[in-house]
Amino acid sequence: MRPQESSRPASQPLLRVPLRALLIIPFIVQISIAVGLTAVFSLRNGQKAVNEVASQLRDEVTARISQHLVDYVETPQLVTQINANAIQFGTLDLQNAASLERHLWQQMHVFNSVQPIAFGSEQGNIHSVDRMPDGSLVIRAIDSSTNGKYHTYSVAQRGNRARLLTVNTSFDPRTRPWYVKAVQARQPTWTGVYPYYSSLGLAISATRPVYDETGRLLGVTNATLSLVELGNFLSNLKIGRSGQTFIMERSGNLIANSTSEQPFLLQRSGREQKQERIAAIASRNQVTRLTTQYIERYFGTFNNIRHNQQLAHAIGGQQYLIQVAPFSDLHGLDWLIVVVVPEADFMEHIEVNTRITILLCFIALAVSTLIGILTSRWIAHAITRVVIAAQEIANGKLNQTITARNIKELDELTQAFNQMSTQLQAAFTDIEAANEELEERVEQRTAELQEQSLQLKQTFDLEATLKRITDHVRDTLDEAQILQTVVRELTAVFMAECCSTAIYDLEQNVLIVSYEYMNPSWVASQGQRILLDDDPFSIHQALLQGQYLQFCQLFPRFGGRPQATILACPVFGEQGILADIWLFRQPDQIYSELEIRLVQQVANQCAIAIRQARLYQAAQSQVEELQKLHRLKDDFLNTVSHELRTPISNMKLAIHMLRLAPNPERQQQYFKILETECKREVELINDLLDLQRLEANSQLITLKPIDLQEWLPPIIQSFQSRLYDRQQTFTLNLPATIHILHSNPDSLGRLLAELLNNACKYTPPHCEICFTLEQNLDESRLNDPPVLITRFEVRNQAEIPPAEIPHIFEKFYRLPNADLWNQGGTGLGLALVKKLVEQLEGEVTVNSENGWTTFKVMLTSTLTTVVNKC
């Protein structure tokens with residue numbers, strides 16, 4: 001017998017280091033520390049130098065931009081001061097238009113950065129000289145010579161008017177931002193950034209009110225700066241290799257930037273293009289957008305920036321250096337200058353030095369490692385022979401001897417090793433004899449333990465199966481998945497020919513085979529319905545009482561299946577039987593007590609899981625219903641609040657503009673808007689009240705006889721003017737004989753008016769609207785008076801998409817983009833129609849196809865009198 005490999009002695013250390021590694025590691029550690037410290041200090045000093053250079057560059061760029069802004073914004077203020085002084089001292093006559101325009105023309109030649117220079121009077125007159133994109137000058141004026149219209153002239157020599165270029169009838173200088181801001185401030189100030197009237201760009205104006213000696217306002221003089229030139233200046237700045245800069249307001253809107261991105265978006269409204277300001281935080285440029293987000297997050301709000309700040313922020317994995325500086329003047333400008341420089345622009349040389357340092361470190365490590373390997377190999381070669389001999393002894397080759405070496409320590413180690421080898425050979429001979437006796441005793445005891453282990457294994461397997469099945473059915477709330485899991489697991493555990501489960505329906509006295517797993521050669525019975533009364537052996541009656549059954553099928557039954565040993569176990573709940581489990585085995589195999597107990601416990605767990613699943617489904621249904629009601633409530637409140645606030649907001653705006661209206665014509669226009677929105681608010685409130693009254697059935701209606709021939713024309717006549725204005729064709733179809741209708745005239749008139757109003761709103765010009773009245777008699781009931789069936793039909797040439805038809809009677813629902821006349825509405829019209837028809841105990845239907853939409857209202861009443869059509 002060969003010796004077995006012994007376990008590690010308790011005194012042996014867990015970590016064993018080879019001798020060669022022990023000789024090499026000190027060399028590597030010393031060189032690594034020295035070179036690493038050198039590289040770290042070199043990198044830190046380079047980084048410090050880069051930060052100082054980047055800080056100086058940011059300060060220099062910021063100072064240059066600030067100085068340019070000071071010079072840039074000082075010129076228009078100087079121009080307005082010159083013009084205001086000239087008017088006050090009488091050197092500039094406001095009544096002499098030609099002299100005033102020549103004066104402004106000369107200033108445009110002197111101050112090239114300004115465009116335009118203008119003076120607007122309190123009477124609505126304006127004289128300005130503007131610079132066109134091609135560099136030419138034009139004169140724009142409103143005075144008695146232009147009949148109050150805004151004329152644009154080319155400029156002749158010496159600044160006089162030449163050829164008339166354009167005429168604008170809607171321009172009023174008193175509504176422009178520069179005029180309104182100066183009047184409100186009563187002192188020199190700046191306007192906000194606004195779209196320039198004569199070009200697709202943004203501008204800012206220096207504006208100054210002019211008063212006479214009595215303090216009466218004569219007008220406003222202004223000089224406008226185009227922000228395009230400021231953007232051009234920023235784009236021409238050299239900021240490192242790829243740095244950027246931009247200027248923004250305290251609100252966050254862009255003023256100008258050094259990239260090609262414009263600080264506004266063009267939005268098309270009809271034939272006109274309008275500029276929409278861009279916030280720096282929404283810029284398409286990634287550096288501008290992410291830098292602004294970081295600044296806002298760092299300071300909380302842009303208003304907290306009061307002095308120069310230098311920051312650092314990572315964008316896209318790259319470090320950027322940021323400087324934020326406020327800029328302001330005495331007349332209200334309050335901007336922020338932001339300079340962004342990538343740190344990589346300055347780190348290129350530092351990174352090259354770092355790579356060289358790392359390369360030298362690797363070379364030094366390689367050389368020291370090679371020297372250590374050669375030294376350790378020479379020293380450890382002799383020791384390796386002892387280790388190899390010891391390994392041979394461990395593998396059973398005990399006759400190992402080692403020759404001595406000329407190294408004293410190794411010679412002593414060799415003698416000790418040879419002595420140990422001799423002693424081991426003698427010891428292992430004694431051990432082999434003892435092992436043979438021990439093996440015989442072990443074999444006898446092993447046979448006994450195997451028999452006990454087999455019984456325990458069967459018990460443990462069944463317990464593990466029960467736990468696995470229990471965990472699976474408890475982890476799901478799906479009844480189908482619970483039953484599928486039980487059938488699948490039991491089939492695998494019992495290695496059964498078939499396992500099936502059936503769900504009981506005691507109301508119909510049947511059970512349905514829901515799921516089964518079986519041998520492919522067996523006949524499937526899944527989905528089969530079995531009558532409980534069709535049970536000659538009373539198997540199901542026993543299951544209904546909660547008993548399990550084990551029996552043998554001696555002849556083909558259950559759909560032609562072969563002979564088998566069957567175990568049937570009920571799945572019982574608090575309300576009685578829920579399902580049953582059937583197991584089919586070969587006829588020579590029976591079910592042990594442990595197996596029967598396992599199936600019963602699985603059935604109990606299955607019953608608990610099914611009850612939990614059904615409770616969960618019921619709870620989910622209730623939760624979904626509550627969520628639906630909550631969403632309906634929120635949608636209703638949101639829509640009502642929006643619809644109620646919109647007219648009120650328009651009325652407040654009309655009242656405000658009415659106070660500022662300069663003439664009776666504008667006042668009448670705002671009065672008309674106020675009247676329209678007030679009517680709209682009243683109609684919305686009335687519609688809401690009527691709809692609430694109808695839904696609550698809080699008011700009973702009175703039925704009256706209605707002579708439709710006299711009653712209908714006034715209702716239809718009220719729409720004639722609207723039909724004529726919209727160039728729509730109207731067709732009225734009435735029967736030869738019109739019967740008296742018993743109904744409520746107010747409710748009927750309201751619903752017909754709503755249908756006609758919708759037809760007018762959604763019918764295109766030159767298309768047709770048809771109104772048809774039909775009346776039929778139902779004389780099927782012999783002993784009762786005839787029943788009059790009256791149908792009102794409104795058809796118009798417009799089609800509703802099929803997906804929208806189920807929603808048109810919902811409150812506040814309006815067809816998207818279908819209001820051809822921009823008439824607006826509350827979205828309550830058709831909801832009121834439906835409630836009014838229900839109140840009249842009638843029926844309303846809608847059909848839309850082939851380019852026509854038809855609404856039909858059917859009412860029934862008893863027949864009394866007949867009216868002949870004239």
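# Salt bridges, surface charge and a buried threonine

Helix α15 (residues 829-839) holds both E838 and K834, which are four residues apart, or about one turn of the helix. The side chains of E838 and K834 meet in a salt bridge, with 4.0 Å from N to O. The structure is a predicted model, and the count of salt bridges in it comes to 13. This briefing covers several of these pairs, then a charged patch and one threonine.

**The pair in helix α15**

- E838 has a relative accessibility of 43%, so it counts as partly exposed, a class that lies between the limits of 20% and 50%.
- K834 is also partly exposed, because its relative accessibility is 32%.

**A salt bridge between two strands**

- D130 forms a salt bridge with R140, and their closest N and O atoms are 3.3 Å apart.
- This pair links distant parts of the chain, since D130 belongs to strand β2 (residues 126-131) and R140 to strand β3 (residues 137-142), 10 residues apart.
- Both D130 and R140 are buried.

**Other salt bridges**

- E793 and R795 are joined through their side chains in a salt bridge of 3.9 Å, N to O.
- Why does E793 count as buried? Its relative accessibility is 17%, and buried means under 20%.
- R795 has a relative accessible area of 25% and is therefore partly exposed.
- A network of salt bridges links three residues, namely E101, D143 and R161.

**A patch of negative charge**

- Which residues gather in a patch of negative charge on the surface? They are E436, E437, E439, E440 and E443.
- One of these residues, E440, is found in helix α7, which covers residues 408-474.
- E440 counts as exposed because its relative accessibility is 60%, and exposed means over 50%.

**A buried threonine in a loop**

- T191 is placed in the loop between strands β6 (189-190) and β7 (194-195).
- Is T191 buried or exposed? T191 is buried, because its relative accessible area is 4%.
- Which residues are in contact with T191, leaving aside its neighbours within four places in sequence? The contacts are P177, W178, K181, I204, S205 and T207.

Terms used. Residues numbered from 1 in each chain as written. Predicted model: local features only at pLDDT ≥ 70, side-chain atom pairs only at ≥ 80, totals over all residues. Heavy atoms only, no water. Patch = residues over 30% accessible without salt bridge, like charges linked within 9 Å, V, L, I, M, F, W, Y side chains within 5 Å. Areas by Shrake-Rupley, 256 points an atom, 1.4 Å probe, with all protein chains shown as cover. Lys, Arg positive; Asp, Glu negative; His and termini not counted. Charge placed at Lys NZ, Arg CZ, Asp CG, Glu CD. Buried < 20%, exposed > 50% of the residue type's maximum accessible area, 1.4 Å probe, protein only. Contact = heavy atoms within 4.5 Å.
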